[in-house]
Amino acid sequence: MRKPFIVANWKMHKNVEQSVAFLHKVLDRLPNSDHVDIGIAPQSFATYPMIEITQHTNLQIISQNAATKYDGAYTGEISVKDLKDMGINYVMLGHSERRRFFHESNQIVNQKVLAAANIGVTPIVCTNEDEESIVVNNKRYYILRQLHNVLQGLSIEQLQKVILSFEPTSSIGEGHEMNLQLAERGCQLLRQQIRLFYGNDVANKIRILYGGSVNPDNIAQVMDQPDVDGVLIGRASLDPEKFVQMANYQNNYALALQN
């Protein structure tokens, strides 16, 4: 069984003081790491103080981005090698906002994925809902256009450790709503595509997250979908009380069933 992963993406919110204060409000209220992985992706300058606080806890601090290179004359970039040295185990790559605002192509995302995987940092690879149909051995399959390109060059062993995220643009941002059928359809397509290109073993092991208007009211329904292994949460994760509720969705759901 794949272990659920609840990830908060804070985007460009919270300074260092606010980030540290948030941790002190939630750390002793998070679930046991035997049952679920929990992570927060803060702004880059907040990662180190947060890692110092969480190093003996079950909370992962995640980088929102990284460069294609490990070092060199690349002003303003973030080295994934130095992220690893700091204690970061996961990095988000290919997020729709990176593609839309900073024009990151599949080739650039692929280079970042390879850089992270080769240094031992697990990529959380984001994809959207752009579909295309292909024919393999006289059979037609529907796949998500971005995925195969951004995974090029990874070994099977590396692929099994990669985490995928499906984030439909129709469900991202304030004012949008989560569509349960779309969430499962997208994650299902990702798993089918992995199975098609890389086989059953990889498809059964790889974790797939859903991102798009997840909140305390719908997280249990999302996580109940067979191909959804976790969630990538935006604005709802900025509130410590909501974050704790979502991190504990398993316990809350069990209590709701009892009542």
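Helices (H or I, at least four residues) and strands (E, at least two) are DSSP runs, numbered from the N terminus. The model is predicted, so local features require pLDDT of at least 70 and side-chain atom pairs count only at pLDDT 80 or more, while totals for chains, interfaces and linings use all residues. Residues are numbered from 1 along each chain as its sequence is written, and side-chain values use heavy atoms, with hydrogens and water left out.

**Exercise 1.** Determine where Ser 213 lies, and whether Ser 213 is buried or exposed.

*Solution.* Ser 213 belongs to the loop between β9 (207–211) and α10 (219–223). Its phi is near 60°, a positive value in a residue other than glycine. With a relative accessible area of 13%, Ser 213 is buried (buried means under 20% relative accessible area, exposed over 50%, partly exposed in between, with a 1.4 Å probe and protein chains only).

**Exercise 2.** Carry out the analysis of phi, location and accessibility for Lys 11.

*Solution.* Lys 11 is not a glycine, although its phi is positive, at about 55°. Lys 11 occurs in the loop between β1 (5–9) and α1. The relative accessible area of Lys 11 is 23%, and the residue is partly exposed.

**Exercise 3.** Describe how helices α1 and α2 cross, and identify the residues that make the contact.

*Solution.* The axes of α1 (residues 16–26) and α2 (residues 47–54) come within 9 Å and cross at roughly 20°. Axes here are lines fitted to C-alpha atoms, for helices over the stretch in contact, and angles run from 0 to 180 degrees between N-to-C directions. The two helices are therefore roughly parallel to each other (angles under 35 degrees). Contact (heavy atoms within 4.5 Å) is made by Val 16, Ser 19, Val 20, Leu 23 and His 24 of α1 and by Pro 49, Met 50, Ile 53 and Thr 54 of α2.

Terms used: Parallel < 35°, antiparallel > 145°, perpendicular 65-115°, else oblique.
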